[in-house]
Structure formats: structure tokens, C-alpha cells
Amino acid sequence: MPGPDLHNPDLAPEVGRLGPNEGAVGLIAEHWPRVDDGLQIRGGGAVAVDTATLSAAAVRFDAAREDLTRIAERLRTLRAELATLPEHTADARASASVLAAKLDGVQVEADEIAAALREAGYAYEMVEIEAEHRAAVLAGDTARARRLDARMTALADAHPDAWRMALGAQFERAVLWPSELVRQATQWGVTVGGEVSDPGSIVVGAAAGLLTLGGAAGLGLAGTGRLSRDARLSGTAGPVTVTSVAPASPRSAAPPVTPALGVGSASSTRSPASVAPQSLAAVTERMPGAGDSRVRVERYSMPDGSRQYAVYIAGMQSFDLGGREPWDNASNVELYTGKTSDSYAATEAALAQAGVEPGDTVHMFGFSQGAMIAGHLALEGGYDTQTLVSIGSPVDTDVGSETLSVTLRHTDDPVAGLAGGGHGAAVGAPGSFIAERVFDPEVGTDEPLLPAHRLNAYAETAALVDASSDPRVGALRDVFADLARAESVQVTEYAATRGAG
């Protein structure tokens, strides 16, 4: 960032005074570790590497090392033959000597790379075991926890370097996942405090940054934002009344709603109801929330006579803690703390009215509070959930190996930060991925509340994913391609209110 123009008296700082971006706290705000490299698509968790892939790569380097050894043996034979005619082969022998030295060096490098790949594989396996061990302890499965602990101890004893690498990977993930939130909070505090005084910028900036860091650390340690495969909602909800409403046709966006936990602006357009979505951006366009609609269900009649369903679930619509609107802060708190919310009960009722039965193939799409609902439906709804797309979700759901899991989140979105950095290991079926980026790196006091959590902000990120050439997006594209085969699409949208009607 360029410094002040000292030749311009109107812009030059006063002698003895600190600007809002100067001083120790300001420097921390400016230089705090940040992940601002554009869209990042990865397998998920602290471990974004497939250990089987690392092992396979190590085997290929071993094979290359053996090939090099055979070449080196043939070269030694050739050099011996050249040595029998020294008066005619001086140049050839010199070239052969250079080549032999290079071959020796490449063989050593191949051995080192293979060994490093294996150690990395062991390190990532340890991280995965640690995550499984934590889940087993939380689930009360002491037998499994003991088996995992024994496996971890054996690996750590046999591969101490890999153990240190595993600890480093977990620490780095724990420190870096909230880095953008901490940086922006500190910078915001410096700016706000600087409106009062220079000492104020230091105090407020440090307080905002430390509070954010402490809160993030607490969330990560508590694990409240990480849903294990056996997570189940407790208690009962309702009564709620669910009524069908006319599906919205393509139209202009409704006035934006100030976002909080799960609130976002309406999208600019809606996809036609007669076709399946063909992109993540199209998914965000279908997300309900504007008007009375809270749940959108699409039924696809496939060429083989089977049916598939897609459900789109809105984010929070009211700041209230109770009232007629089920998609409110009360439901946010209940879902986040593991209790059945009225919005969850309403979604179940909407699916039942749409004819979705246990065992049916369902693709879940949810935004914020809707993503929490979708995650629990995937875990305990009894459906054959083939796909779970979570947008700006406060939780990270381990849906198991039968469900494709796709997560969109912004690293400067405090709501997504409630997931505590997510699971330590990748979740979901092969092809699952997390797509994340910094939505708005600039910090200002006059910006809308939580700009990174607005649905239209996530629509922009969805479009970037659609345009990406990353092969990990392929599994999701396959889902859209399969739904595009539908011979007909029936759409129903539902409104919901608390009470028996």
C-alpha cells in the first residue's frame, strides 16, 4: 500500500500523530495472515490431499527410480566400452561422465520425493485419524476411540517426522481459518477507534481483533459448528402451518433485506420452473425467501420412470425470537444448538405435501439457516440424499460417503465462521469440495451489515465456481447434467407460519 504523499501538505501526516493504519495494532491489521488469492476450491478440512493419491505418487517415483537405475547401469557399461578406445572417445566419455553425475542426482531426488510423499501421506492419515477419534469420543464410542488411539500411537512412534507434520497442519488450519475475520475486525476497530483518538484506535482495534480471535478459537475447540454423521436434533417443534404458493416466475429482485444470521437479499432473476438448474448460479437464483416462499420443491420425472427431487431452503427472514415467522433467530439458535426448530418442522411438512417420501432421491440446497436445515435432513430425514449444497452455512455437516457435499463460504463471512473452520478431514462422497474466497477485503464503517453473507454475494461466488476449470467441480456438473435429462419438472413453493392455522 503506498504511503502518504509527503510533498502534498494536505495529505502529509501531522508530526507526532499516528494515522489510522499506523502503530503496532495498525501494522498487525495490515499484515495479519490473509488468504486472499481469489477463489479456492479444495477437498475440504485441514487435509485437502487424498492420502491414497500420495501413496500412488510415491510408487510412481519408486518406479521412476528403478528406471533410472537401469539407465545408469547401461551407461556404466557404455562408459566401460568407451574406455577401451581412449584415443577416439574423449568427448563421448566426458559427456557420459556428466550424464552419469546427473543421473545419480536425479535418483537421489526421486528417493527423497518418494520418501517425502510417504511421510506426508502418514501425516495426513494422522490428521484424519485425529478427526475420527474426536468424533468417536463425542459420540461415546469408546471402543472405536481406543482403536483409533492405538493406531495413532503406532504411527507416531514409527513416523515421528510425519507426526510433527500432522501437528503443524492442524495448528496452521486452526490459526489460519479465521485470519481474514480477525484482520478485518482489527482493521475495523482501528478505523472506528481512530475517529475518537489515536489511543482509541489502538484500544478498539486490539479489542476487536482479540475478541474475534478468541471467539473463533472457542468455536473451533467447542466444535458446535461441526455436525458428525450421527448428529440428531432433539425435542419437538410446532405446530406450524404450511401452505403452497404459486411458484415465482422470472422477475426482478425484491428490495434487499439487511442480512443477519441467514438473511440475504433476493437474487436478481429466477430460473424458469420448467427446467432443472444447470449451474450453481442457477441454484442461487431459485433460492426462496422473497415474498412468502420459504421452501421450493422440484420434482423431476426421469426417462426411466423414476423420480428425483430438489429442495431449496431459505435463510433467516426475521430477527425476532418468536412470532408468526418460523425462519427467525429463534430457529437459528435452536438449530445451531441441536434442537428441532419450527423452520425444520415446516420444511419436513413441505416435503411431505410435495409427495417426497423416505427413501426418495433428493438433492438438498440451502442458504444459511436453510443450509442447517438441509444438513440435518440429509443426516436424519430418511431420504436418499444424493447432493447437499450448503451456502453460507453456520455448520459443517459430515454427510458420509454416499452424499456429494458442496460448500460455498466466504472467509470474511462471520456466519460461515460459526462452523469453526469445519471438519479436520474432508467429508462427503468422492468429488465433494469446498469453494471459498474473500468476498470483500476492504473494511469500511459505512458498508451494509455483513456484506459477505448476502445471497447475491454468494451468487457471484457460485458463478466463479461454474466458470472454474478445476476438475473437482466435475461431480457437481454431473448432477446437473443428470437432472437435465428429466422429461418434466413440477415445481411447488411453500409458505409457513407458526401456529395451527
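1. In the largest nonpolar core, which has 34 residues, the members that touch the most others are Val297, Val311, Trp327, Val356, Met364 and Leu377. A nonpolar core here is a set of buried Ala, Val, Leu, Ile, Met, Phe, Trp, Tyr and Cys residues joined through side-chain atoms within 4.5 Å, buried being under 20% relative accessible area (1.4 Å probe, protein chains only).

2. The model is predicted, with local features needing pLDDT of at least 70 and side-chain atom pairs pLDDT 80 or more, whereas totals for chains, interfaces and linings use all residues. Residues are numbered from 1 along each chain as its sequence is written, and side-chain values use heavy atoms, without hydrogens and water.

3. Among the elements that each supply at least two residues of this core are strand 4 (295-301), strand 5 (307-313), helix 10 (342-353) and helix 11 (369-380), where helices (H or I, at least four residues) and strands (E, at least two) are DSSP runs numbered from the N terminus. Helix 11 gives the most, with 6 residues.

4. Leaving aside residues up to four places away in sequence, Val356 touches Val297, Tyr309, Leu351, Val362 and Tyr383, contact meaning heavy atoms within 4.5 Å. A second, separate core of 31 residues includes Tyr300, Val389, Leu404 and Val479.

5. Helix 10 and helix 11 pack at an angle of about 60°, with their axes 10 Å apart. The contact involves Ser343, Tyr344, Thr347, Glu348 and Leu351 of helix 10, together with Gln369, Ile373, His376, Leu377 and Glu380 of helix 11.

Conventions: Buried means under 20% relative accessible area, exposed over 50%, partly exposed in between (1.4 Å probe, protein chains only). Axes are lines fitted to C-alpha atoms, for helices over the stretch in contact, and angles run from 0 to 180 degrees between N-to-C directions.
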